[in-house]
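Here is a guided walk through a protein model, written for someone new to reading structures. Keep the 3D view open and turn to each part as it comes up.

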Amino acid sequence: MILSISIATAYPIWLSLVCLLIGFVYAFILYRKDVRFTETKKIIKQLMFFTRVLLVFILCFLLLSPFIKTLFNKIEKPIIIIAQDNSSSILMNKDSMFYSSTYKKNMAGLINKLSQQFNVRTFSFGELLKETFPFNYKEKITNISNVFDEIDSKFYNQNVGALILASDGLYNQGANPLYNSTTPPFTVYTIALGDTTIQRDIILKEVNCNKITFLKNRFPIEIFAIVNKANGKKTHLKIIEKNQVIFDKEYNINSDVFSISETVLLDAKNVGIQHYQVQLTTIDNEISTVNNHKNVYIEVLDGRQNILLLANAPHPDLKALKLCIESNENYKVTTTYYSDFDNNLKPYSLVIVHQIPENLMALNQLNKSDVSVLYITGTQTKEKSFNDLNLGVNISNSKGSFNDILATLNPQFSLFTLSENTIKTIKNFPPLIGSFGTFQLKTNGYSLLNQKIGNVETNNPLLLFTTLENKKNAILFGEGIWKWKMQEFLTNKNNDATNEIINKTIQFLAVKDDKNKFKIILEKTFWENEEIVINAELYNDSYELVNTPDVTISFADSSSGKYNFMFNKTSKAYTLNAKILPPGNYHYTASTKLGDKLYVKKGEFQILPLIIEANNTIADIQLLQNLAHKFGGTLFLPNKLDDLADAINNNKNIASIIYEEQEVKEWIHIKWIFLVLIILLSIEWYLRKRNGAY
């Protein structure tokens, strides 16, 4: 509804009179002594005169940049959001036919009834919130808290009247929605789906094991299961490898809620990825059997990499470094002191040197070897001893003084990447203690962390990587890593960021350069809802990246299913997104031909099934009740959707919003102004032409 319309100009409005005067003067000069119109009727001559006045006036007026201001009322109807749980747990009960057919019709009736008064938006959710409404219940993960986060983002500052959350209340990803950080400014109604009745079922809840073990080791597999409503029955726990049962144990179920907890020790006999099937045999009339078994994949390695931690004296950094490094099972750390070191470097793929005292022959020998080294300097490091190692960087003018050094990330660092969480955590690390002085880089180096002194960010390196004569080294110019671990645990209750920095540094230094000319880069395991992304690199004889020839790859799973793909070419390498594939153990063969040389790479990876929806099939109605109560709504049963529509219609807090909106539009952009000019020109031209002028 339009309230008012006004015209304004970018220049003083009185100039419009000047525009009108210009029009009169122009028309007066044009028609005053024109002898061609002496016999023309006076009214026709006046019409041509005023047409020209109006035409010139409008053209001049447009030079003042006029615009129209329109003020009007706008009515925004309330938005009713319906979020339907589309996870597989909805159908894991005796009412599965109801939710596949009748409930769908009931929901369509609810939408139709609400659409008469409201703007209804429908979504489904599992792991993510989607603008679809399929009712196929195929989602493998449920994240209810994400529903609130996404709706808050999508409908920010809009007139949302209510959210209708239709779910069984079971979630297996994300936080408890009751304690979600965002409180919605609208009413939440819930529809209780699923079944609260405990049904007969064997649920293999967890199978815990390390992803990596080593050849000839014994490794544990921890198994946890619950059996409901099967008193007097029996089940067998079996572990199967290559179609052979390697563990079998019988359980007599003697209660309505029977728990199984078992730790099984297995031998790592073969190198490579080993596949184990853990299963509990089914019993009569189980509500679901998909939760009776799980697949386990364990990579068996031929041995750990040994790392030597060589120190000048006891220090809390030594324990901190050992814990960080050995959080990765690929590494084993041996700690020794200079006084006990036998100069034997053969067992080690990397040496960490903590402090550099004076006149130490062992370091000169280490510096000449081809073993990569991580040097950590500090209060026990002598400036001259460090410079004598010729590591590509010198420290001068320190005069035995030390600084508290904070860490800042160098955004130009390119040797490896850190996670977003680690990048954020670095800003909160306490200072290390390092040398005060001038740092002079004598060779190309890559600084992961730079020094920050007080509030001043410097270009001096804190964690520097160098390569000298094909030997990789790194230098940490400060002691006190243990403080990073303590501060991070105090803040985040974990040491993920410190572990990542240390382990990626160790990995870069310890891993020998792969000189293979054809490389396939992919993860060893994927979940069935993950896209399979694979990268490939091809090098010529000069070890330069090329991507001229095509690269093909074929997958074959245990059920003889085969998939053939061709890689896409990037600027210098190759990439492939094979999308989502069925769960299973896949073997791949990739090949390409460069010149007359054929390159072939073989390997394997696993796609793990997601069955966490089957781990709990008893609907959590209490959660839905609490959600509705907390956010001012009510819980409804799926056969009472008409009552839900009435409750929303009668909710006085759900109302349309009427607000004033102003629209400003320049005349130059109004099409009918151009049309008026054309009409005026056409009328005058026609009259002049008809009366003997051009």
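## Terms and ground rules

A residue is called buried when its relative accessible area is under 20%, exposed when it is over 50%, and partly exposed in between, using a 1.4 Å probe and protein chains only. Helices (H or I, at least four residues) and strands (E, at least two) are DSSP runs, numbered from the N terminus.

This is a predicted model, in which local features need pLDDT of at least 70 and side-chain atom pairs count only at pLDDT 80 or more, while totals for chains, interfaces and linings use all residues. Residues are numbered from 1 along each chain as its sequence is written, and side-chain values use heavy atoms, with hydrogens and water left out.

## A buried strand, E7

Let's begin with strand E7, residues 187-192. Six of its six residues are buried, so E7 is largely enclosed by the rest of the structure. In a regular strand the side chains alternate between the two faces of the sheet. Here Thr 187, Tyr 189 and Ile 191 point one way, Val 188, Thr 190 and Ala 192 point the other way, and all are buried.

Which strands does E7 pair with? Two strands pair if DSSP finds at least two bridges between them. Strand E6 (residues 160-167) runs parallel to E7 and is joined to it by six bridges; Ala 162 has Thr 187 as its bridge partner in E7. Strand E37 (residues 635-636) also runs parallel to E7, with two bridges, and there Thr 190 is partnered by Leu 635.

Strand E4 (residues 119-125) is joined to strand E3 (residues 79-85) by seven bridges, and the two run parallel. To find one of these bridges, look for Ala 83, whose partner in E4 is Phe 123.

E4 also has two bridges to strand E5 (residues 129-130), this time in an antiparallel arrangement. Phe 125 is paired with Leu 129 of E5. With three residues between them, E4 and E5 form a hairpin.

## Two open sheets

Nine strands make up an open sheet with mixed pairing, in the order E17-E16-E18-E19-E26-E25-E24-E21-E22. Its edge strands are E17 (331-337) and E22 (432-435), each of which pairs on one side only. On average, neighbouring strands are turned by 30 degrees against each other, direction ignored. For angles like this one, axes are lines fitted to C-alpha atoms (for helices, over the stretch in contact), and angles run from 0 to 180 degrees between N-to-C directions. Within the sheet, strands E24 (residues 445-453) and E25 (residues 456-468) run antiparallel and share seven bridges; Ser 447 has Leu 464 as its partner in E25.

Another open sheet has five strands in the order E28-E36-E35-E31-E32, again with mixed pairing. Strands E28 (525-527) and E32 (562-566) stand at the edges with a single partner strand each, so one side of each is left without a neighbour in the sheet. Neighbouring strands here are turned by 25 degrees on average, direction ignored. Eleven bridges hold the antiparallel pair E35 (residues 584-594) and E36 (residues 597-608), and Ala 590 stands opposite Lys 601 in E36.

## Helices H2 and H14

Two packed helices are described by the angle between their axes and the distance between the axes. The axes of H2 (residues 42-62) and H14 (residues 671-690) come within 10 Å and cross at roughly 150 degrees. That makes H2 roughly antiparallel to H14 (under 35 degrees counts as roughly parallel, over 145 as roughly antiparallel, 65 to 115 as roughly perpendicular and the rest as oblique). Contact means heavy atoms within 4.5 Å, and the residues making it include Leu 47, Leu 55 and Arg 52 of H2 and Leu 680, Glu 684 and Arg 688 of H14.

Ile 44 lies in H2 and, at 24% relative accessibility, counts as partly exposed. Beyond its neighbours within four places in sequence, Ile 44 is in contact with Leu 687 and Asn 691.

## Two loop residues with positive phi

Most residues other than glycine have a negative phi. Gln 355 has a positive phi, near 80 degrees, and sits in the loop between strand E18 (350-354) and helix H7 (361-368). Asn 390 also has a positive phi, of about 55 degrees, in the loop between helix H8 (383-388) and strand E20 (393-396).

Is each of these residues buried or exposed? Gln 355 is buried, with a relative accessible area of 0%, whereas Asn 390 is exposed at 55%.
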